[in-house]
Amino acid sequence: MFASRAAIVLLSVGAAGIAAPSQAETILVAIDRLVYSPAEVDARVGDEIEWINKDVLVHTATVKGGAEVLLPAKKSGRLVLKEAGSFDYTCRYHPNMKGRVTVRP
Ligand SMILES: [Cu+2]
């Protein structure tokens, strides 16, 4: 039931003055009823993930020992991917929420 959102990828526009070797993308991940959707995304270095929290609860996207993006109710938050690799993330408040990002060079 979440597959329809899996393919939503928008090209970022503007960003004048930012040196981007290729066209960076913004990858959207919705949070709906305590689920990241899509739960797994592929990205490239320089891309940005935007989490859109549709719940009335505060969530986070928290990488263990790494970045944390706070996602207040009905708000969104962004993270620019600066390194290749893959990482799992969870919500600080709801540890059953799990996501994964794979970043290619
Ligand atoms: Cu949460």
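This briefing covers the copper site and the aromatic pairs of a predicted model. Local features need pLDDT of at least 70 and side-chain atom pairs count only at pLDDT 80 or more, while totals for chains, interfaces and linings use all residues. Residues are numbered from 1 along each chain as its sequence is written, and side-chain values use heavy atoms, with hydrogens and water left out.

**Copper site**

- His-59 (ND1), Cys-91 (SG) and His-94 (ND1) coordinate the copper ion at 1.9 to 2.1 Å; donors are N, O and S atoms within 2.8 Å of the metal (3.2 Å for Na, K and Ca), and sites may look incomplete because water is not among the atoms.
- Along the chain, the donors follow the spacing H-x31-C-x2-H.
- His-59 is in strand β6 (residues 59-63) and His-94 in the loop between β9 (85-90) and β10 (98-104), so the pair ties together parts 35 residues apart in sequence; strands (E, at least two residues) are DSSP runs numbered from the N terminus.
- His-59 has 0% relative accessibility and counts as buried (under 20% relative accessible area, 1.4 Å probe, protein chains only).

**Aromatic pairs**

- The whole structure holds two aromatic pairs (rings of Phe, Tyr and Trp, the last by its six-membered ring, with centres within 6.5 Å; planes over 60 degrees apart count as edge-to-face).
- Tyr-36 and Tyr-89 pair edge-to-face, at 4.6 Å centre to centre and 65° between the planes.
- This pair links strand β3 (residues 36-37) with strand β9, 53 residues apart.
- Trp-51 and Tyr-89 are also edge-to-face, at 5.3 Å and 75°.
- Ring pairs join Tyr-36, Trp-51 and Tyr-89 into a cluster.

Conventions: Helix = DSSP H or I, 4+ residues; strand = E, 2+ residues; numbered from the N terminus. Buried < 20%, exposed > 50% of the residue type's maximum accessible area, 1.4 Å probe, protein only. Phe/Tyr/Trp six-rings, centres within 6.5 Å; stacked < 30°, edge-to-face > 60°.
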